[in-house]
Amino acid sequence: MAHQFVAVLDFGGQYNQLIARRVRECGVYCEVFRYTMPLEELKAKAPVGIIFTGGPNSVYEENAPRISREVFALGVPVLGICYGNQLMAYTLGGKVAPAPAREYGKTQTYYNTASLLFKGLEEKAVSWMSHTDYVETLPEGFVSVAHTDNCPCAAMENPAKKLYGMQFHPEVMHTENGLKMLHNFLYEVCGCKGDWTMGDYAKTAVESIRQKVGSGRVLLALSGGVDSSVAAALLSKAIGSQLTCIFVDHGLMRKDEGDEVERAFQNSDLHFVRVNAEKRFLSKLAGVTEPEQKRKIIGEEFIRVFEEEAKKIGKVDFLAQGTIYPDVIESGTGDAAVIKSHHNVGGLPDYVDFKEIIEPLRLLFKDEVRSLGLELGLPEYLVWRQPFPGPGLAIRCIGEVTKEKLDILRDADFIFREEIAKAGLDKSVNQYFAVITDMRSVGVMGDGRTYDYTLALRSVTTTDFMTADWARIPYDVLDTVSRRIVNEVRHINRIVYDITSKPPATIEWE
Ligand code: XMP
C-alpha cells in the first residue's frame, strides 16, 4: 500500500491523537510515534511530513524531551505544535524563555497570510493557546508569521527549509481555521495528494488483525453499542468464524435493542451467543443507588456472565474489545484524572484464559468509528445508533434501578428518539436520551391528583464526546415529546429539559 505517510512525533501532550485524527480527516495516512523513535527508522518510513506534538515540559529543563538536529536536515517538511514549536526553535539555535504573560485559551491572533500555512485564511482570528514559554529569539532563517498581543511569535517559518512552527493548537476546535491550517501544511507544504480513505483504514486493520490472530480464536463482548458492533464487523471481516461474539443482554438496553443487535449479525460467519441475563443484573442492583457502585456492579456482573459463557466455548487466544479513544483518556491514562470508570476499559480480567487483548478501534474517534462501520457494510440504523454506555439504562435511572422504572424509561426514551428522528434532528444532535429521575412530584390529570416520576430529556451536540453543548431542540419538538410521553407513558407527570453543557456536567447523569 503506497500511501503517502505523515509521522506524528509524540512529546506527551494531551492532544496527540487529535492531531492524528485531523490529519486523517484531511485524507492523509498518518501514525503517531514516540519522539524517541530512532531517526533511521523514521527515515526508512519515508514520511512526506513530520508533525511534532505539544507536551508538558519546558525545553530548557534538564530532562525535557529532545530531538536530534538531523531531523531538520532530512529535507522533509516539519510542523512543530506548541512544545514542538519551541523544541524546533531551541534545537535550531533560537531562544525559548518563560513568556512575560502566560496565554491560555482563546486568543486573538494575527496571521501573515503570505505564509503557506495561512494561505487563503483570515488575517485575524481566534487561536487556542496553552503555554507559559514562548520563542523569544527565532532561529536563523526563520521569520514570525503570526502574533498575538502578548506573543510576538505565535507562528514561525523557514520556507526554504520547509520548517514551520505554531505556538497555538491548530488541532483543537477552538482554533478558528485550525483544520485548514493543517490542511495547508499537508497539501501546500508537504505536497500531499489526499490518497487515503477510511476504506484503506479498514483494509489495513483487517490485515493487521489477520496477522496478529493467525489461526487463533477471538472472543468479543458485544454490548450492542456502535463501538462493539463495528469492532465485531471488523473482526468478522478479518477472521470470520474464528470470532465468537457474546452478547450479554443485561436487561438494561433500550426498547427492542437486543433484538435489533441480534438481527444485525444473523447472517455473518461469526458465532453469535446471546445471553439473557436481566434477572441476574437486576437482583445485583437491587437497593443500590450510588452511581459508581452501580457501574462497578454491572461491570463485575458482566464479567461474571461473560466468564461463564466463555468457559462453555473453551480456550480462546484473544479477547477483543470495542474501546475507542475517548474511553481510553476518560478512564485515565497516566496522570489523567478518572472522571467515570468506563466499564469496557482497563482492569480486565484474569478470568478467561487468553493471550492478549485486541482493541482494533482504540485510536479512533466516534465519527471515525461510524464511517468505518459504513465502510464495513453495517446498516445505517446500527451505525448511526447513538453511543450507548456499557452500564446501559442503569445510569439513566437515578436512584435504585427497578424493572418498573426501566420499563417506564424505555417507553419514554423511545418516544423521544422517535420524535427527534421525525423532526430530522437525529444526525445533527449527537446523543439524545431520557433519564428517569428519582423524584416524584404532584400533578393533575383529568380531575385527579397524580404523584409520579419526573423525566429528564438530555440531548447534546458534540464532535468528540469529551466536551458537549446542550442541543437547541426547537420548542415545538420538545412540546410534542412532552405531550406524547405524559399521555402515552404511565407514571410520568412532569418533564424537564437538561440545559447544561459538558463540562461542567457530563453527558450521562451518572
Ligand atoms: P459522559 O457521561 O462521561 O459520557 O460525558 C461521554 C460519552 O461516553 C458514554 N459513556 C460510556 N460509554 N461505557 C461506555 O462505553 C461507559 O461506562 C460509559 N459511560 C458514559 C456516554 O454515553 C457518552 O457518549
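Asp407 and Arg410 sit 3 residues apart in helix α13 (residues 403-422), a spacing of about one turn of the helix. The two residues form a salt bridge in this predicted model, with the closest N and O atoms 3.1 Å apart. The count of salt bridges comes to 41. Side chains of opposite charge can pair when their charged atoms come close.

- Asp407 is partly exposed, at a relative accessible area of 30%.
- Arg410 has a relative accessible area of 13%, under the 20% cut-off, and is therefore buried.

- Asp259 pairs with Arg274 in a salt bridge whose closest N and O atoms are 2.9 Å apart.
- Asp259 belongs to helix α7 (residues 257-264) and Arg274 to strand β12 (residues 271-276), so the pair ties together parts that are 15 residues apart in sequence.
- Asp259 is partly exposed, with a relative accessibility of 41%.
- Arg274 also counts as partly exposed, its relative accessible area being 24%.

- A salt bridge joins Arg280 and Glu301, with 3.0 Å between the closest N and O atoms.
- This pair links distant parts of the chain, since Arg280 is in helix α8 (residues 278-285) and Glu301 is in helix α9 (residues 291-313), 21 residues apart.
- Arg280 is partly exposed at 31% relative accessibility.
- Glu301 is at 5% relative accessibility, under the 20% cut-off, and so counts as buried.

**Packing of α8 against α9**

- Two packed helices are described by the angle between their axes and the distance between the axes.
- For α8 and α9 the angle is about 145° and the axes are 10 Å apart.
- The crossing of α8 past α9 is right-handed.
- On the α8 side, the contact is made by Arg280, Phe281, Lys284 and Leu285.
- On the α9 side, the contact residues are Lys294, Ile297, Ile298, Glu301, Phe302, Arg304, Val305 and Glu308.
- The residues of this contact divide into 6 nonpolar and 6 charged, with no polar ones.
- Both partners of the salt bridge between Arg280 and Glu301 are among the residues that make the contact.

**Salt-bridge network**

- Glu418, Glu419, Lys422, Arg484 and Glu488 are linked in a network of salt bridges.
- Helix α13, which holds Asp407 and Arg410, spans residues 403-422.

Conventions:
Residues numbered from 1 in each chain as written. Predicted model: local features only at pLDDT ≥ 70, side-chain atom pairs only at ≥ 80, totals over all residues. Heavy atoms only, no water. Salt bridge = Lys/Arg side-chain N within 4 Å of Asp/Glu carboxyl O. Helix = DSSP H or I, 4+ residues; strand = E, 2+ residues; numbered from the N terminus. Buried < 20%, exposed > 50% of the residue type's maximum accessible area, 1.4 Å probe, protein only. Axes fitted to C-alpha atoms, helices over the stretch in contact; angles between N-to-C directions. Left-handed = near helix turned anticlockwise from the far one by under 90°. Contact = heavy atoms within 4.5 Å. Nonpolar A, V, L, I, M, F, W, Y, C, P; charged D, E, K, R; others polar.
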